[in-house]
Amino acid sequence: MALPKDILIKRIKNELRECKRNLKHHFIVSDPDFKRLPIEINVTLVDTPGPIWQDGKVGHRYTHKLKIIITEDYPYQTPIVRWKSKIFHPNIMPPEDGGYVCTKLLDGWSFKSNLLAFIKGLEVLLSNPNPQSPFETDACTRAAEYFNKNPYTPPKIPEERKHRPRIIENDKD
């Protein structure tokens, strides 16, 4: 069962507007006129710490890129997510392994769920790796082994990293 296209488009626009109002992240829509589905939303998470592997140890990255794909079956079907940035995480595959994100985040998805809550869930997952439930890829199992021995503690965001949101596109209704 799908929503009528005009209602679906209105819902997606409203949810994106809420994301832009309530989050500091950047959103670029593949089709800003919403003329065809699926809609791809390229998201840049900013000031959101997450683990990366660099120089033989875990470091932190504060900016992450991902793509959210919304099909014509949204909100009955969950958004599809593909991670696009370097990552060292048991529950998020690096881009070279497919960029899949742990589906446990989506277990509670329902018609009432929305993009704002979904992206906030991604922020929590990013900062709180669950080494007990990794993807079965080499990179994710290595991350799980590491975080089982060395729990990840996300750093606080330094004041100089915090910045005001910027508008990178116009809303079209």
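Tutor: A residue is called buried under 20% relative accessible area, exposed over 50% and partly exposed in between, using a 1.4 Å probe and protein chains only. The model here is predicted, so local features need pLDDT of at least 70 and side-chain atom pairs count only at pLDDT 80 or more, while totals for chains, interfaces and linings use all residues. Residues are numbered from 1 along each chain as its sequence is written, and side-chain values use heavy atoms, with hydrogens and water left out.

Student: Is Trp53 buried, exposed or partly exposed, and why?

Tutor: Trp53 counts as partly exposed because its relative accessibility is 37%, whereas Phe88, with a relative accessible area of 8%, is buried.

Student: How is a pair of aromatic rings described?

Tutor: One gives the distance of the centres and the angle of the planes. Rings of Phe, Tyr and Trp (its six-membered ring) pair if their centres lie within 6.5 Å, and planes under 30 degrees apart count as stacked, over 60 as edge-to-face and the rest as tilted.

Student: How many aromatic pairs does the structure hold?

Tutor: There are 9 aromatic pairs, and one of them is the tilted pair of Trp53 and Phe88, with 5.0 Å centre to centre and 45° between the planes.

Student: Which other ring does Phe88 pair with?

Tutor: Phe88 also forms a tilted pair with Phe147, at 5.6 Å centre to centre and 55° between the planes, and both Phe88 and Phe147 are buried. Trp53, Phe88, Tyr146, Phe147 and Tyr152 together form one aromatic cluster.
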